[in-house]
Amino acid sequence: MITKRIIPCLDVRNGRVVKGVNFEGLCDVSSPVELARFYSEEGADELVFYDITASFEGRKLFTDILRQVASSIFIPLTVGGGINTVEDFDRVLKCGADKVSVNSGAIRDPSLVGAAARKYGNQCVVLSVDVRRVDRRFCVFAKGGRENTGMEAIDWIQRCVSAGAGEVVVNSIDTDGVKKGFDIEMLDAVCQAVNVPVIASGGAGCTEDFVQLFREVPLIDAGLAASVFHFGQVLIPDLKRTLRNNGIPVRLSE
Amino acid sequence: MIAVIDYGAGNLFSLCSSLESIGASVTVTADKAQLRLADKLILPGVGAFEDAAKKLRVLGLDRAVKEEAAAGKDILGICLGMQMLFEKSYEYGEHEGLGLLTGSVVPLEGNIPASFKIPHIGWNALHIQRKSRLLRYVREEDCVYFVHSYFAANCSDSVIATAEYGLELTAAVEKGNVMGCQFHPEKSGKIGLAILRAFCEEVPS
């Protein structure tokens, strides 16, 4: 039986993880390589790295780091941040990324998803969408959630999936950072609308939030979170045991 | 020496890193002489069957792989590389494979219930069907990472493990010196590395 995935997300600026993990036994809490190894040992099913650097030098540092991570951790790696062209896909895939996540880049250039999927396959292209309710409609926001594009989210996601996006990460701005649980209503609506894996993001505050997510949205494939893992509020081995005890199929650490 | 066959179908970075991490000496090559010299061969592959099979043929590597297989050299096909070991694929038409294993490659679509998403992406549990060299370090229900939209069918004589996804899908095959896995061992954590190690090791006779 296919298992539900648990995915920690790491923001990297100038080659360092921005919010370092606060755990004993880690010498360098902001080293992407150490953190990736830590999460992989803990049983993370996949890792997402977001490059939040703007400068050219920073980007070079990021790809160097990515290469180091990819040569020492053998679980799927997704990379996002600053992906605007097919060349950007090429740059990170060469350094060992397995999937590339596009967000604003796809909004700016709607042909990007299709072009990348034709070149690298659908499985490689992850659409990431920031969604917020405006007048009870789900709207797509750009620029890190600051700008309303006016596009209807379900419609946008369906368009990108038919263009070739092989997975969708749905980040609810309404629940993000609030730590009161995932946006069940929004995630369910997306899962009903597409037939590719959907990854939930935004709102995880405790283990119970993940249980609720997988129970109430049975079609959801994965839960993604950052700070609950980084700050140790949720420990992946405990989380997975709890999920399994609740009848949710997960891969237990080897 | 393990030769990873480089015919332009997919990214070899992770595969090579994972082989190096288990201490294997690796050469990435499209050179037939190198394939002859190597102790074992790995045929990787990501992308479309027709395109990959064509690339292999253009480089004359289809013949080279068949010759090495016939000579008894261990060969491991991964993902699309595994699918190419079979006689035929029905991915967008009908295409000839290497024919080292009996069976054909068919789409998930139409063969699994519509409620299952395609591609089959994620960690799925292995169901061991038969004792094998390739999976000798693997236990029942160990999870490995899959990404695919087609699968090998009618291959009961080589199936060593399956995974449940609407039906019992061919997950790994082995027939003598010809082996393959539909999942990505290079992305399957410690279990994946153990599978690669099992392939790379000389078997004590």
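Modeller: The largest nonpolar core has 85 residues, and of these A:Val100 and A:Val168 touch the most other members. Such a core is a set of buried Ala, Val, Leu, Ile, Met, Phe, Trp, Tyr and Cys residues joined through C-beta atoms within 7 Å. A residue is buried if 20 or more other C-beta atoms lie within 10 Å of its own, exposed if 12 or fewer, and partly exposed in between, with C-beta atoms placed from the backbone. The model is predicted, so local features need pLDDT of at least 70 and side-chain atom pairs count only at pLDDT 80 or more, whereas totals for chains, interfaces and linings use all residues. Residues are numbered from 1 along each chain as its sequence is written, and chains are lettered from A and ligands numbered from 1 in the order in which they are written.

Helices (H or I, at least four residues) and strands (E, at least two) are DSSP runs, numbered from the N terminus. Leaving aside residues up to four places away in sequence, A:Val100 touches A:Val79, A:Ile83, A:Phe89, A:Val92, A:Leu93, A:Cys124, A:Val125 and A:Val126; contact requires C-beta atoms, placed from the backbone, within 7 Å. Another core, of 71 residues, lies apart and includes A:Ile2, B:Phe86, B:Val173 and B:Leu196.

The axes of α3 (residues 86–93) and α5 (residues 112–120) of chain A are 9 Å apart, at an angle of about 45 degrees. Axes are lines fitted to C-alpha atoms, for helices over the stretch in contact, and angles run from 0 to 180 degrees between N-to-C directions. α3(A) and α5(A) are therefore oblique to each other, as angles under 35 degrees count as roughly parallel, over 145 as roughly antiparallel, 65 to 115 as roughly perpendicular and the rest as oblique. Their crossing is right-handed, that is, the near helix is turned clockwise from the far one by less than a right angle. A:Val86, A:Phe89 and A:Leu93 of α3(A) make this contact with A:Ala115, A:Ala116, A:Lys119 and A:Tyr120 of α5(A). By class, six of these residues are nonpolar, none polar and one charged. Ala, Val, Leu, Ile, Met, Phe, Trp, Tyr, Cys and Pro count as nonpolar, Asp, Glu, Lys and Arg as charged, and the others, Gly among them, as polar.

Methods
Contact = placed C-beta atoms within 7 Å.
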